[in-house]
Amino acid sequence: MRHQLSRNVPQNRRLRGLRKPPLSGKMPVPFNFATAIAAALQEAASVLEMDASIFAPEVRTADPRHGDFQANGVLPYAKRTQQNPRALAEKVVSALPASISAWCKVAIAGPGFLNFTLQPEALEAWLTTYNDEASLRAGAKSAQPEANQTFVVDYSAPNTAKQMHVGHLRSAVIGEAIARMLDFSGAKVIRDNHIGDWGTGFGKLIWAYKRELDAAALESDPLEEFERLYKVGNRAADDSEAVLIEARQELVKLQSGDAENLAIWRRINEVSLAAFQKIYDQLGIQFDTTLGESFYNDKVDQVYDELTKIGLAEESQGALVVFHPEHPRFKTQPFMIRKSDGAANYASTDLATLLYRREHFDADAAIYVIDSRQSDHCQQLFLTAQKWFARTGRRLPRLEHTSFGTVLGENNKPLKTRSGENIKLRDLLQEAIERAASLVAEKSASLPPEEQQHIANVVGVGSVQYADLCQNRSSDYLFSWDKMISLEGNTAAYLLYAVARIRSIFRKLERDPLDTSASDGASALATPAEINLARKLAKFPEALAGAVGPLRPHVLCLYLFELAGEFSSFYTVEKVAVEDPAVRARRLRLCARTLLLLETGLHVLGLRTLARM
RNA sequence: GCGCCCGUAGCUCAGUUGGAUAGAGCACCUGCCUUCUAAGCUGGUGGUCGGGGGUUCGAUUCCCUCCGGGCGCGCCA
């Protein structure tokens, strides 16, 4: 289903990988070797007049024992065309464009696997060419299909009048990482915080506000007080039919523009947004727009009108709903776009929002970073939008429900406090920082206290972010302080430590990592550790593509972890600050690029990095 | 009842158009600090990929079925 909805996105032009890279004075090398190999294979297939509709190169990272990349596409092609796979493989290899042999070695293995091994000179050329963030961005922009497309990323989206709690963590962290990955790939990104600022809960809250307000509490911690009032109102309405009716009247007054209720509502939102911003500041999140549900109040009538006019929406039990007769479930499970009391709900505003994104932002894609439990809603939304846009002659953006699982506690139940309350994000981040601080005090006691505090901040918050990002987002995520902050294995601290160690080398040698003259006179890569590190470095573009395409940040995390591991091995066996200037220069270049990719990668994921720890 | 997701080493997880001997981390055992940060590195133990069937040169991956777990399904968002 998602597939059909995505079809108006331009196909990834495999040839992109062959575009000319920036001039480096060295051999020209592509940004992404894997896509360049795939393009070369398709060129060979075309020379051999193979059926392009059947042949897919299937280039992927190889087991290092077999080389850097492998292409398996010859096998299925030979099977379908009833040829000897080995013989076909030989023909394909001999038809490869000459340009490719300049930078890699090709071998045929087994029944017809093609193995590609990058030449050391190619690795060196890549390291020389992509030597700062700007050149990496330029490379990504040339190779990534997302470049120059407009993406609206819808994430975080908490409800006002409540504090952000652990349930809001994943959307914020994953959404920010995705926004940054897209931005890095050359896309135009609009970060939209679609806050819930117009729910029916406001009636109850205003009811309680007018009767139970604790002025002192409002002064000292307004959000806490709003949250208390909401609970008071909710309980009262549950207990009493009369209260419920009064609360509904407060909502009607609000919606019809009553000055007093509107003022209360504004105050609530103001306070809420300020509180959210404190969390966002800690997580490095900066939205481009915050267009909540209230913004679409006056835009839902058009949705009702159009959907009714084209016969998509119908009246049912007093409500306006959409059914999808061709769908096994949605032919009977309604998509309610207007409640029987005439009020809008999130289906109405989501439809209006999508139209706004299409028309106002000219969105090519809308990415919804929302809990997987809302997959029915998203499917119905997308299906409805697809028909609506098609019948009104509008271009449908690519629509993605970038779903994620629940944050679970150690008992495998949704994470809560001992008393069963939601854990506030504020408290969670505070605890992360405190836990990191005690570790810093133990490991880095010699550093000045204010720097220790800074390190604790970066490590603590980064650990929370990274723990969330490094796992496949679609599964539930087991929250464990010990694993997160234990600083071993695939954690933020391990990566930050590698960064700090590299920075320390440059500090000791009084060199700037971005000063490329440090690697002047470098000799050729020689030792296994050097070559392994260089090979891993040159695979960054593939990791980026693998993360951005399916919007899965953990692919990038895994790459960074492996890169840091490769660096740590290198660091242990090869001293950088050696006497021989040629050896030192080539190792310094490896360090500089490792630093560049680790820092760039972590920043793309939304983490901060450190000079010392 | 209908539907979606998940099940891989003791634990937490990678493994995505079907590919080479299924990989990491933690834990456990083993070595390595007078040399650039040991929050590190090296080696090792550990698997009926939930069970069964099917598709084929080849299945953790695709299909069927069963078991187990999570979630969703008319006026909250």
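This is a predicted model: local features need pLDDT of at least 70, side-chain atom pairs count only at pLDDT 80 or more; totals for chains, interfaces and linings use all residues.
Let's start with the helices. Helix α20 covers residues 492-508, and helix α23 covers residues 553-573. They pack with their axes 9 Å apart. The angle between them is about 45°. That makes α20 oblique to α23. The crossing of α20 past α23 is left-handed.

So which residues of α20 meet α23? On the α20 side, they are Y494, L495, A498, R501, I502 and I505. On the α23 side, look for L560, F561, A564, G565, F567, S568 and Y571. Now the classes. The contact of α20 with α23 has 10 nonpolar residues. Another 2 are polar, and 1 is charged.

Next, the empty space. Rolling a probe the size of a water molecule over the atoms shows where space is left empty. How many cavities of 30 Å³ or more does the count give? The count comes to 1. The largest cavity has a volume of about 50 Å³.

What lines the largest cavity? Find F506, D512, P513, D515, T516, A518 and S519 in the lining. By class, the lining of the largest cavity has 5 nonpolar, 2 polar and 4 charged residues.

Key: Residues are numbered from 1 along each chain as its sequence is written. Chains are lettered from A and ligands numbered from 1 in the order in which they are written. Side-chain values use heavy atoms; hydrogens and water are left out. Axes are lines fitted to C-alpha atoms, for helices over the stretch in contact, and angles run from 0 to 180 degrees between N-to-C directions. Helices (H or I, at least four residues) and strands (E, at least two) are DSSP runs, numbered from the N terminus. Angles under 35 degrees count as roughly parallel, over 145 as roughly antiparallel, 65 to 115 as roughly perpendicular and the rest as oblique. A crossing is left-handed if the near helix is turned anticlockwise from the far one by less than a right angle, and right-handed if clockwise. Contact means heavy atoms within 4.5 Å. Ala, Val, Leu, Ile, Met, Phe, Trp, Tyr, Cys and Pro count as nonpolar, Asp, Glu, Lys and Arg as charged, and the others, Gly among them, as polar. On a 1 Å grid over the protein atoms alone, a cavity is a set of points where a 1.4 Å probe fits but cannot get out, and a pocket is an open set with protein on both sides within 12 Å along at least five of seven lines; lining residues have an atom within 4 Å of a point. Grid points are joined across faces, edges and corners, and a volume is the space filled by probe spheres set on the points.
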